[in-house]
Amino acid sequence: MSRFPVRGRRGRRIAAVAPLLVGALFMTACGGSSDTSATSTKKSSDSSSPAGEEAGGLIAIITPSPDNPFFKAEADASKAKAEELGYETSVASHDDDVNKQSELIDAAISRKAKAIILDNAGADASIGPIQKAVDAGIPVFLIDREINQTGIASAQIVSNNAQGAQLGAQSFVEAMGEKGNYVELVGKESDTNAGVRSGGYNDVISQYPNMKRVVQETANWDQQEAFTKMETILQRNRDIQGVIAGNDTMALGAVAALKAAGLIKKVLVVGFDGSPDAIAAIKAGEMHATVLQPAGGGAEEAVMQADKLIRTGEKPAEEKQSIDCELITKDNADEFGVFARL
Amino acid sequence: MTVDTNVARTETADAEVQEAAARARRLFVLNLVFEARAFIALAVLIAVFGFLSDSFLTVTNLITMTKHVAINAVLALGMLLVILKGGIDLSVGSILGLSGVVAGELLGGVRLDIFGVVAYPPVWVVVIICLGVGTAAGLVNGILVTRFKVAPFIATLGTLYIARGIALLMSNGQTYPRLGGDPSLDNTGFGWIGTGRPLGLPTSIWFMMVLALAVTLLLTKTPFGRWLYATGGNERAAELSGVPVLRVKTLVYMISGACAAASGLIIASELTSAAPQAGETFELNAIAAVVIGGAALSGGRGTVRGTLVGAFVIGFLADGLVIVGVSTFWQILIKGAVIILAVVLDQGQQRFQRRGAAAAAVAASRRPD
C-alpha cells in the first residue's frame, strides 16, 4: 500500500464512495418507485383548505407488502372508503422495512397529509416515526397491528387474533370429535400474531385430554414450506387426524401434501385469515374451516374515524379497539368474499 | 572418480525422489478424502438421522426427501454452469416465481380481445411458454453481462427484483388457485408434472436425473463444456485461443433461467396453485448446493456430481431435522455452519492439491529413465 500511496488512497476513496453511491441510487430508485406506485387520485378541488371543518385533502395509506392478499384487501378497502368520503389518497407499502416506513411517513408529512392509515412495520420500531407524524400535526390510525405504546396514535384498530384462534380451535376440536392426533403449523416465529394464534389454539385444545399434538412446526406463513414440511411429517407419522395452521397459505400447503398422500379425506384442516383460496377449499371439502380477519372492515373503520377527526376534531373514544373474527365453515362459506362478508 | 561421484549423486537424488513420491502419495490419499468430503458428509447425515429416527431410512421417506431435493437440484445445476463461468445468478428464485405465475395465468385462460374469445392452451404449450419465459429472462441476464458489461452480481440482482415485480403485477399479488385444469377445456394434466409417478418415482426426480445426465454430457463430451471450463478458468486466455466467450456466457444464463422456470413449474404443479412470492431466497440454497459440491465461485472448477451431492446434503439436512424435531432456529444455524465448513474444507483441499502436485512434479522430474 505505502509504495503506491496515491493509487491506494484513491482506491480506498472509491471503495468508500461506491457503496454510498449505490445506496443513494437505490434509495432514490425506491423513493421514486414508491411514489409512482403510490396511486394518487384527485377527488376534491380545494385540497388547500385548513385542517378541520370539512372533508378533503390527502389521506396516506401505508401497509406491508401487497403480495399478501390480506394487506392488499386492507389497502384497497381504505382507499375506496377515503375516496368515497372525498379525500385524495396515496397508497404505499413499507415491505416490513422500518426504514422504508419512516421514509414513507416523512413523505406523508411533507405532502401535508390530513391523516395516516398505517399497518405498521414493528411494534417498537414504529413508535418513533409515528411520534414524528403526530408532532407534525398528522393523526395516525393504526390497523391490523398494534404498537407497544398508547397515547400517540389516535386509534389502534386490531382484529382480535386470540378470539379468532379460539373460534377456529373450538370448531376444530368439535369436528374431530374431541379426540385424535394433530399437527400444528405455526407462522413466522418472530411475528407477534404467530404466537398469539398458536396460544389461542392451545388454550382451547389443551382442555381436551384426548386431543394430542404430535408435531408443532413452523412453516413461516409459506405455502411451499408447509407442503414440504407436511410431507416430511407424514413420513414420520401417518396417524394424524387434523392439521391446524396459523394462516391459510400454510393450511393450503398442508392440503396439497395430504392430497398427494391420499389422506385428504381423513384429515381435517383448519386455517386462519379467511382468504378466497381457503374459502374455495372449504367449499370443495378439502378444508374444514378458516377464521376471517375482517381486513376490509378494520381499514374502513379507521378511515371513518379519521374522517370524523378531520371534520369535527373529535377523537375516537377508545384508542385500542378490537374487531372480532368470524368462523367460516362449509355452512356459511357462500356468505364471504375477499376478506369480508358479502 | 567421475563415476563414483555420479553414483553418490544418483543415490541422494534417488532418496529425494522416493521421499517426494511418498509425500505425493500421502497427499493424494488426503486429497481423495477431501474430494469425497461431500459424499462423506451425506453418509454421516444419513447415518445420524437413521440412528435418531426409525422413519428416516425408509424407502418412501427417501423418495419424498429426494423429491424435495429435486427442486433445489434443478436450480443448482443451472447455477453450476453460471458459477463455472465465474458468474452468479441471483435471479433464479424470482424467475421460478414468475414461471409459476405465467403458468397460472395461461391455465386460467388467455383473453384474445381481437377475436373476442378466451383461449385455454393445453398443458404442453403452457410448459413450453414458461420455459421460454425463463430462458428469455436468462437471455436478459446474459446480454446485461456480456454486452453491457454489468457485473453478474448486479445484473442478476436487478433481474431478481424485476422478475418478482412482473410476477406480482401479473397476478396482482394474488395466488392462482386450482391449476388442475378443466376436462371440458382440454387443459388438464398440469398436476402430473409435480405429482405423477412414472415407474414409481415422482416426475421431479426423473427430471432431476435426466437434467443431471444432460449437464454431465454437456460438460464432458461437448466443445461447449470445454469452452465453459476454459472461460471460467481464464477468460482472457480462452478468448485469445478462439473460444466464443460471449456466446458461452450468454448461454449459461439462458440455461439457468430455463432450469429455474422448470423448478417453478414443478412447485406450482405440486401445490396446484401458483403464488407470486414462490421461490424467495431459493437462489441462496442453489448457490449453497454448488459450493458444498466443491465448485469455486471464481469459476472454472466444479462438477455435476458434487453439485447433486451438495443439494442432497442441504435437502436431507433440512428434512432430517424436521423428522427428528429440531427447532427451526437451530435448523437455520446448522445450515449456515455446514456451508462454511464446506468452503473451509475446500480451501484445505486446494492447498493439498497444490502441494501434492508440486511433490509429484519433483518426483517425476528427478525420475531416472
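A: Helices (H or I, at least four residues) and strands (E, at least two) are DSSP runs, numbered from the N terminus. The model is predicted: local features need pLDDT of at least 70 and side-chain atom pairs count only at pLDDT 80 or more, while totals for chains, interfaces and linings use all residues. Residues are numbered from 1 along each chain as written, chains are lettered from A and ligands numbered from 1 in the order written, and side-chain values use heavy atoms, without hydrogens and water.

Q: In what order do the 6 strands of the open sheet of chain A lie?
A: Strands of a sheet pair through backbone hydrogen bonds, either parallel or antiparallel. In chain A the order is E2-E1-E3-E4-E5-E11, with parallel pairing (two strands pair if DSSP finds at least two bridges between them). Strand E2 (88-93) and strand E11 (320-323) of chain A each have a single partner strand, so each of these edge strands has one side without a neighbour in the sheet. On average, neighbouring strands are turned by 15 degrees against each other, direction ignored (axes are lines fitted to C-alpha atoms, for helices over the stretch in contact; angles run from 0 to 180 degrees between N-to-C directions).

Q: Which strands does helix H3 of chain A touch?
A: Helix H3 (residues 98-110) of chain A packs on the sheet against strands E1 (58-63), E2 and E3 (115-118), and its direction makes about 160 degrees with that of E3(A); contact means heavy atoms within 4.5 Å. Helix H4 (residues 127-135) of chain A also packs on the sheet, touching E3 and E4, at about 145 degrees to E4(A).

Q: Over how many bridges do strands E4 and E5 of chain A pair?
A: E4 (residues 140-143) and E5 (residues 155-159) of chain A pair in the parallel sense over 3 bridges. A:Phe141 stands opposite A:Ala155 in E5(A).

Q: Which elements of chain A each supply at least two residues of the lining of the second largest cavity?
A: They are helix H2 (69-84), E5 and helix H10 (295-312) of chain A.

Q: How far can the prediction be trusted?
A: Where pLDDT is low, the predicted coordinates should not be read in detail. Chain A averages a pLDDT (the predictor's confidence in each residue, from 0 to 100) of 83, with 84% of the residues scoring at least 70. Within chain A, confidence is lowest in helix H1 (residues 5-37), at a mean of 43, and highest in strand E8 (residues 242-245), at 97. For chain B the mean is 87, and 96% of its residues reach 70 or more. The complex receives an ipTM of 0.73 and a pTM of 0.75.
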